[in-house]
Amino acid sequence: MAAQKNCPSGSLVSFLKDMPLIKLISTDFDGTLIGFSSDGRCSPQFAEAIIEHKERGGLWAVNTGRDLHYAMEGVLKFGAPVEPDFLLTNERDVFRWDAGWAAHGEWNDRCRLRHDELFELTSEIYTTLDQLSRKRGGFKLIYENKRPVGLTTETEELMETLVRDIEMLATNHADFSFQRNTIYLRFCHRDYHKGSALSELCRLENIPVDHVFAAGDHYNDLPMLDVQYSAMTACPANAIGAVKERVTISEGFVSDKECADGVAEAIRHFLELKDAQKEAVLA
Ligand SMILES: [Mg+2]
């Protein structure tokens, strides 16, 4: 019924014939398209899958924890045969290509303002963490423009312990949250993460959630792998258990191949599944 409602011609059949069934692919980058010990280059299988998706009229967003500079650097080195249409960076900012990467709408400005407010209100958390770091060692705060924006631990085991400490410290700050990925953790407002950034992109591009595919490998990908933000979810074989569990719950595709090869297999899976569903409707 949703298809009929949005159908410009009023003909469900012609609408289905022309419709790209995956309109937007949102892929994490590190650990999902490239391995941590890989050469950082695009695999032939992913190249083939993303070309087919683009030829069908689909769009591609790289949804990463990297900042814009490092995201651009990574994408350039990755060297996919087609460029991403969007870069979602720092697990919250939204950029589109317009003869250069430009902020998409007003989301990034609003996001920055809300984080300025948050950091004012939660300074005690960072002061305590700084004291803990000096006393215990094993982790370091990361600063940008003299403001603590996150931290890094010496090991992933230490991160497991530290996140529990941070949750305790933040008990009285309902808007405080964080995104974590291996030994990296970024402080953030609870409303800003890869899922809400993806949702804003879909709002701006008028893409229904039913047509969104998302793939990730780590904790910071969990928000965008929620059915609220992507109807088709996937992860490569090297994803952590929590991600595999989320993808399984959302009836997504857990690949037995690693990184970009796994994402390529998942894209192929959903392209074929959607083709079969379309043919069944048209039969
Ligand atoms: Mg990752």
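Student: How do S8 and strand S9 pair, and over how many bridges?
Tutor: This is a predicted model. In it, S8 and strand S9, residues 184–189, pair in the antiparallel sense. Six bridges link S8 and S9.

Student: Which residue stands opposite His-189 in S9?
Tutor: That is Phe-176.

Student: What order do the strands of that open sheet have?
Tutor: The order is S6-S7-S9-S8. It is an open sheet of four strands with antiparallel pairing.

Student: Which strands stand at the edges there?
Tutor: Strand S6 (139–144) and strand S8 (176–181) do. Each has a single partner strand, so one side of each is left without a neighbour in the sheet.

Student: And how far are neighbouring strands turned against each other?
Tutor: By 30° on average, with direction ignored.

Student: New topic. How is the chain divided into domains?
Tutor: Domain 1 covers 2–91 + 193–282. Domain 2 covers 109–189.

Student: What distance separates their centres?
Tutor: The centres of domain 1 and domain 2 are 29 Å apart, taken over C-alpha atoms.

Student: How many residues does the contact take from each?
Tutor: Six residues from domain 1 and six residues from domain 2. On the domain 1 side, one is nonpolar, four are polar and one is charged.

Student: OK, the other sheet. What order do the eight strands have?
Tutor: The order is S5-S4-S3-S2-S1-S10-S11-S12. This sheet is also open, and its pairing is mixed. Its edge strands are strand S5 (101–103) and S12, and each pairs on one side only.

Student: Which pairs in it are parallel, and which antiparallel?
Tutor: Strand S10 (residues 212–215) and S11 pair in the parallel sense over three bridges. There, Ala-214 stands opposite Thr-233 in S11. S11 and strand S12 (residues 253–254) also run parallel, joined by two bridges. Cys-235 stands opposite Val-254 in that pair. Strand S3 (residues 86–89) and strand S4 (residues 93–97) are antiparallel, with four bridges. Leu-88 stands opposite Val-94 in S4.

Student: Which helix packs on this sheet?
Tutor: Helix H8, residues 194–205, does. Helix H8 touches strand S1 (24–27), strand S2 (59–63), S3, S4 and S10. The direction of H8 makes about 150° with that of S3.

Student: Back to S11. Are its faces covered or open?
Tutor: Both faces of strand S11 (residues 232–235) are covered. Met-232 and Ala-234 are buried on one side. Thr-233 and Cys-235 are buried on the other.

Student: Which residues touch the most other members of the largest nonpolar core?
Tutor: Phe-213, Val-263 and Ile-267 do, in a core of 61 residues. Helix H10 (residues 259–282) gives the most to this core, with eight residues.

Student: Where does the core lie?
Tutor: Domain 1 and domain 2 both give residues to the core, so it lies between them.

Student: What does Phe-213 touch?
Tutor: Beyond four places away in sequence, Phe-213 touches Ile-22, Ile-25, Ser-26, Ser-230, Met-232, Ala-234, Ile-267 and Phe-270.

Student: Last one. Where is Asp-165 found?
Tutor: Asp-165 is in helix H7, residues 156–169.

Student: Why is Asp-165 called partly exposed?
Tutor: Asp-165 has 14 other C-beta atoms within 10 Å. Buried needs 20 or more and exposed needs 12 or fewer, so a count in between is partly exposed.

Student: And how far apart are Asp-165 and Thr-182?
Tutor: They are 17 residues apart in sequence. In space they are 17 Å apart, C-alpha to C-alpha.

How values were computed:
Residues are numbered from 1 along each chain as its sequence is written. This is a predicted model: local features need pLDDT of at least 70, side-chain atom pairs count only at pLDDT 80 or more; totals for chains, interfaces and linings use all residues. Domain bounds come from an automatic or database domain assignment. Two residues are in contact if their C-beta atoms, placed from the backbone, lie within 7 Å. Ala, Val, Leu, Ile, Met, Phe, Trp, Tyr, Cys and Pro count as nonpolar, Asp, Glu, Lys and Arg as charged, and the others, Gly among them, as polar. Two strands pair if DSSP finds at least two bridges between them. Axes are lines fitted to C-alpha atoms, for helices over the stretch in contact, and angles run from 0 to 180 degrees between N-to-C directions. A nonpolar core is a set of buried Ala, Val, Leu, Ile, Met, Phe, Trp, Tyr and Cys residues joined through C-beta atoms within 7 Å.
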